[in-house]
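Subject: Structure handover

Hello,

Here is the structure I promised to pass on. Please open it beside this email and follow along.

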Amino acid sequence: MTVIRREEPRDAAAADAIVAAAFGPGRFAKSAYRLREGVAAVAELSFVAEEGARIVGTVRYWPVVIGGEAALMLGPIAIVADRQGQGIALALMQASLAEAKRLGHRAVILVGDEPYYGRAGFKRVQPYGRITMPGPVDYARVLGLSLADGAVEAMKGEVRKAALDERVAAAGCAVG
Ligand SMILES: CC(C)(COP(=O)(O)OP(=O)(O)OC[C@H]1O[C@@H](n2cnc3c(N)ncnc32)[C@H](O)[C@@H]1OP(=O)(O)O)[C@@H](O)C(=O)NCCC(=O)NCCS
């Protein structure tokens with residue numbers, strides 16, 4: 001049985017290892033990583049998937065600012081290789097996005113494949129470039145999800161790093 005639950009401090013090493021195995025060292029070069037550097041993940045939105053005593057999946061979110069408005073950036077999300085294709089990532093997104101909405105977050109963005117993230121409700125930000133990334137990016141992969149009606153559609157501007165928080169170093173990778 002797969003249990004989706006909030007990440008606890010004791011899960012962090014296992015979650016970090018899944019991300020490292022999924023993305024490799026190249027993750028540190030991505031624009032999304034730059035936005036996470038020196039900023040803590042949103043603790044209450046970090047979720048893991050657990051099977052028995054094994055952590056098999058992780059999702060984390062980082063706070064960002066878009067044109068002066070607070071938003072969330074989804075990712076990294078990763079599942080251990082031998083448990084992919086079972087719907088675990090979708091379940092992690094559904095649980096964490098429901099919690100984000102409950103907590104009053106309004107907009108979520110990510111850089112990733114629309115055919116996959118569309119399953120969780122993400123759409124390309126149109127017109128391309130209305131929300132810009134601080135580094136080179138394929139704008140067909142900049143996706144958004146409004147948790148409050150029209151929240152993503154109302155945003156315009158560059159995605160910027162949220163306030164620095166030295167407590168947790170970003171261990172994330174780019175989504176995509
Ligand atoms: C991408 C990832 C998180 C998906 O996790 P998962 O638990 O296997 O996903 P789900 O079981 O919810 O969905 C699997 C389905 O999505 C499809 N899918 C996976 N990645 C996809 C992509 N990039 N584009 C389109 N479809 C994709 C699979 O083919 C599968 O399709 P099916 O249901 O028709 O068989 C996982 O494969 C993974 O960890 N990959 C390596 C890390 C990564 O790329 N993370 C995303 C960027 S941060």
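The cut-off for exposed is 12 or fewer. Asp82 sits in the loop between E4 and H3. Its C-alpha lies 15 Å from that of Met1, and the two residues are 81 apart in sequence. Keep in mind throughout that this is a predicted model.

**The ligand**

Next, look around the ligand. Its shell has 20 residues, and Ala22, Gln84, Ala89, Leu90 and Tyr116 come nearest. E4 provides the largest share, with five residues. By type, the shell has twelve nonpolar residues, seven polar and one charged.

**The core**

Now turn to the largest nonpolar core. It holds 49 residues. Those with the most contacts inside it are Ala71, Met73, Leu92, Val108, Ile109 and Leu110.

**Helix H3**

Check the length of H3. It has 15 residues, and at 1.5 Å a residue they should span 21 Å. The end C-alpha atoms are 21 Å apart, which agrees.

Which residues of H3 are buried? They are Ile88, Ala89, Leu92, Met93, Ser96, Leu97 and Ala100. Seen down the axis of H3, these buried residues fall within an arc of 155 degrees, so they line one face of the helix. The spacing is worth a thought. An α-helix has 3.6 residues a turn, so residues three or four places apart point the same way.

The buried residues of H3 pack against strand E1 (3–6), E2, E3, E4 and E5. Ala98 and Arg102, on the other side of H3, are exposed. After the helix comes Gly104, with a positive phi near 95 degrees.

**Helix H1**

Ala15, Ile18 and Val19 are buried in H1. Down the axis of H1, the buried residues fall within an arc of 95 degrees, so they too line one face of their helix. E2, E3 and E4 are among the elements that cover them. The face of H1 turned away from the buried side carries the exposed residues Ala13 and Ala21. Gly24 follows H1, and its phi is positive, near 70 degrees.

**Two cis peptide bonds**

Most residues other than glycine have a negative phi, and most peptide bonds are trans. The bond from Gly75 to Pro76 is cis, with omega near 5 degrees. The bond from Gln126 to Pro127 is cis as well, with omega near -15 degrees. Pro127 lies in the loop between strand E6 (123–124) and strand E7 (131–132).

Find Lys156 in the loop between E8 and strand E9 (157–161). How many other C-beta atoms lie within 10 Å of Lys156? There are 14, so Lys156 is partly exposed. Lys156 and Gly67 are 89 residues apart along the chain, yet their C-alpha atoms are separated by 5.6 Å. Leaving aside neighbours within four places in sequence, Lys156 is in contact with Gly67, Arg130 and Ile131.

Then go to Arg124 in strand E6. It has 15 C-beta neighbours inside 10 Å and so counts as partly exposed. Not counting residues up to four places away in sequence, Arg124 touches Glu114, Ala140 and Leu143. Arg124 and Ile109 are 15 residues apart in sequence and 9.5 Å apart in space, C-alpha to C-alpha.

Best wishes

Definitions and conventions. Residues are numbered from 1 along each chain as its sequence is written. This is a predicted model: local features need pLDDT of at least 70, side-chain atom pairs count only at pLDDT 80 or more; totals for chains, interfaces and linings use all residues. A residue is near a molecule or strand if its C-beta atom, placed from the backbone, lies within 6 Å of it. Helices (H or I, at least four residues) and strands (E, at least two) are DSSP runs, numbered from the N terminus. Ala, Val, Leu, Ile, Met, Phe, Trp, Tyr, Cys and Pro count as nonpolar, Asp, Glu, Lys and Arg as charged, and the others, Gly among them, as polar. A nonpolar core is a set of buried Ala, Val, Leu, Ile, Met, Phe, Trp, Tyr and Cys residues joined through C-beta atoms within 7 Å. A residue is buried if 20 or more other C-beta atoms lie within 10 Å of its own, exposed if 12 or fewer, and partly exposed in between; C-beta atoms are placed from the backbone. The expected span of a helix is 1.5 Å times one less than its number of residues. The arc is that of the directions from the helix axis to the C-beta atoms. Two residues are in contact if their C-beta atoms, placed from the backbone, lie within 7 Å.
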